[in-house]
Number of protein chains: 4
Amino acid sequence: MLEELKMQVYEANMELPRRGLITYTWGNVSGIDRSKGLLVIKPSGIEYDELRPEDMVVMDLEGNRVEGRYKPSSDTLTHIELYKAFESVGGIVHTHSPWATSWAQACRGIPCYGTTHADYYYGEIPCARSLTAEEIQEGYEKNTGLVILETFANRLPGHVPGVLCSNHGPFTWGKDAGEAVHNAVVLEEVAKMAYQTEQLKPGLQQAPQALQDKHFERKHGANAYYGQK
Amino acid sequence: MLEELKMQVYEANMELPRRGLITYTWGNVSGIDRSKGLLVIKPSGIEYDELRPEDMVVMDLEGNRVEGRYKPSSDTLTHIELYKAFESVGGIVHTHSPWATSWAQACRGIPCYGTTHADYYYGEIPCARSLTAEEIQEGYEKNTGLVILETFANRLPGHVPGVLCSNHGPFTWGKDAGEAVHNAVVLEEVAKMAYQTEQLKPGLQQAPQALQDKHFERKHGANAYYGQK
Amino acid sequence: MLEELKMQVYEANMELPRRGLITYTWGNVSGIDRSKGLLVIKPSGIEYDELRPEDMVVMDLEGNRVEGRYKPSSDTLTHIELYKAFESVGGIVHTHSPWATSWAQACRGIPCYGTTHADYYYGEIPCARSLTAEEIQEGYEKNTGLVILETFANRLPGHVPGVLCSNHGPFTWGKDAGEAVHNAVVLEEVAKMAYQTEQLKPGLQQAPQALQDKHFERKHGANAYYGQK
Amino acid sequence: MLEELKMQVYEANMELPRRGLITYTWGNVSGIDRSKGLLVIKPSGIEYDELRPEDMVVMDLEGNRVEGRYKPSSDTLTHIELYKAFESVGGIVHTHSPWATSWAQACRGIPCYGTTHADYYYGEIPCARSLTAEEIQEGYEKNTGLVILETFANRLPGHVPGVLCSNHGPFTWGKDAGEAVHNAVVLEEVAKMAYQTEQLKPGLQQAPQALQDKHFERKHGANAYYGQK
């Protein structure tokens, strides 16, 4: 079942090591079939060079395994919370990519210092608050999802397709698994450049709002003119 | 038409990912045929591994597409302003290469800290001022070109073959597309080393003027003796 | 003798350059056969691309060479002290991997800033105290081992599978040579991210204890649910 | 003539891009035949992928070209001064490798922070003083050599096989061209780690003298026991 989605999710997972976002098995990608209400996700802890499309695990939105011989990624319940709340999202990625994770470990959102950031993320890429000890003990992965949703109470997931989890790492998303990986690559590059920018000029302000608006609009607005659209 | 120039511009574009200056489609190279008053530029948003020489777009200096099935790079109007003002320039590059972009995001020019810099760029590599909100809204790409020209009011584009745009990234140029890419590679390397130099010695002065003069002259002066010239 | 262990130790050594942990011959991996009381270790100063499984040297725990035409790694006596004291350890790695070595050169342990660290190392990765001049002169390699053991007087080697030696570099270990290399790769990645984290937020505290507990337990505890166990 | 030495010097030059020490043509390696009083050096400004063994240039110690269709490296006169003064040296390398060059641009010697450094360089890797304007104008390359010799008035070139030139970059040497390249690779790695070490602990002291002595002696002393010697 869901063979095409499994292939998409498999390909998106395999893109993580190719793009240098992954050490060992430290990441996972999922994709959802909205019409069936089922998601496909990488199995937990399987090496990338042993992974095959048919190893992808099919889950429902209650967290039950519907198909697959492996256990799903240990972060599956986080993915599910995001899919339930973010209706436009078709794919989700979690990694420990080093630059984004460094910001997450510093418990800081990434300010928008330039057009590379503004081309994809509108405004700061936020860092979700730390979970309480109770939240961690009672349902760590589900609560990780809920604290992300709390962070997006006043944000549009389509305008800011990613988040940092305090002392943990990034999640990104997109209309499908491939776009979610694309946004993970962008986040890592943006995180690196924001770090370097701050070292060059401590106390710097974010990029002018008009510039942020222009770049986001030129790529994502109603009158977008970047690319061949 | 302009088949040879298209091939040159294509090859120069393909050098960007090989040299690590590019993530996804974040860059563009153009070249100009001065006798015909036409420039050739990369199409907007096409993946590098799908790009072919015949995909290059031919434009006139008024910004009209003369040939090509694709839309040109969204930065084409910036390139045009530079070609109109910098008569010795035959090729232009724009990237978001991470070290140069970090300086641009910090809104800082790159001081000349050593001979690697002085071999190619005479004095500081300047950072153009921020555009005003009006300049951004009324003609972002054209005004990006004009603010670069403003920055070069007292500089020779042949002595300083590149510039940073505030909160954006670098443009470099040269006698042809290949040399413009060469200067983009040099800029990235120089930007990296200047960053590291400042971390090692905050408050450092630029390299002695006599040393800057010597290295620039030995490579580019009337009595240059570097290489096989 | 010990052909299977030699092959394991050889493969683990060859993983060091593949993972970017090694320049030239700056590292060594060993493995132990507990039933025979013999360990197998890389010969000293042999280039990785000339190394063969049969070049591995067999040593006893008194430091005598039992088999092999080459001299063993100059750090063999350090490995031996660790094997004698850490009974659950089956493999040991020493490298000069640049990020971990930078922390060692700063004579600082690596604080636990996030889940990547907590997934493998429970709490700070300690830095052993400097050897005295007498300790260096009287038995440098053996005393390097002893000062590591001193550092682990109140730590479990299974919970913290690595250490930094002041002004020197890291040692890591595991149930076999392969796992010891795995932990060396993790240490290097964790060391890099901790460095970057501190630059982003000087004076930062370690990750919340509940989060550290959760991640270590989810991977290594009695009810571990990461992977396919 | 000197076919074997040409091949050695060619191979040593080709190792520079393989080891990541070189962008474009920013480096050169030479080797000397002491019995003939002739040195072999890379031609100036030739791309590495076009270089052939027979392109190497033969020079005498007065700076005359003895054989070769190309002009020698523009830094040849610096090499010559070093060969004349450092009698045990058989090969010399100059690069603009980014970490070592960053220290050179900061006009700082590299303190010995650990055993990786001490294994090859005994004590600080010094930075030569800046040339005066007169020295630059009257004989830049020769005076670059002389100021290095001035720096080594109280140092042994065999104990410290490299130097940084202020606002310029490193020179390293060894018993032959291959060892000189080896020392250039080590210098770059040591420069990187020393930078990172200082960021982790500002105001740090050098490694204990007894540790420096031990590591240098264990590899280079009369009773050296590293490797298969």
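In the predicted model described here, the side chains of Arg218(A) and Glu141(B) meet in a salt bridge, with 2.7 Å from N to O; a salt bridge is taken as a side-chain nitrogen of Lys or Arg within 4 Å of a carboxyl oxygen of Asp or Glu. Across the interface of chain A and chain B, two salt bridges are found by this rule. The same interface holds 21 residue pairs in polar contact, both residues at pLDDT 80 or more. A polar contact is a pair of N or O atoms within 3.5 Å; within protein, one must be able to donate a hydrogen and the other to accept it, and residues adjacent in sequence count only if both atoms are side-chain atoms.

On the side of chain A that touches chain B, two or more residues each come from helix 4 (115–118), helix 6 (177–200) and helix 7 (209–220), helices being DSSP runs of H or I of at least four residues, numbered from the N terminus. Helix 6 of chain A gives the most, with 13 residues. In total, 35 residues of chain A are in contact with 33 residues of chain B, where contact means heavy atoms within 4.5 Å. The area buried between the two chains is about 3000 Å², and carbon and sulfur atoms give 53% of this area; buried area is the accessible area (1.4 Å probe) lost by two parts on being put together, summed over both.

Residues are numbered from 1 along each chain as its sequence is written, and chains are lettered from A in the order in which they are written. Local features need pLDDT of at least 70, side-chain atom pairs count only at pLDDT 80 or more, totals for chains, interfaces and linings use all residues, and side-chain values use heavy atoms, with hydrogens and water left out.
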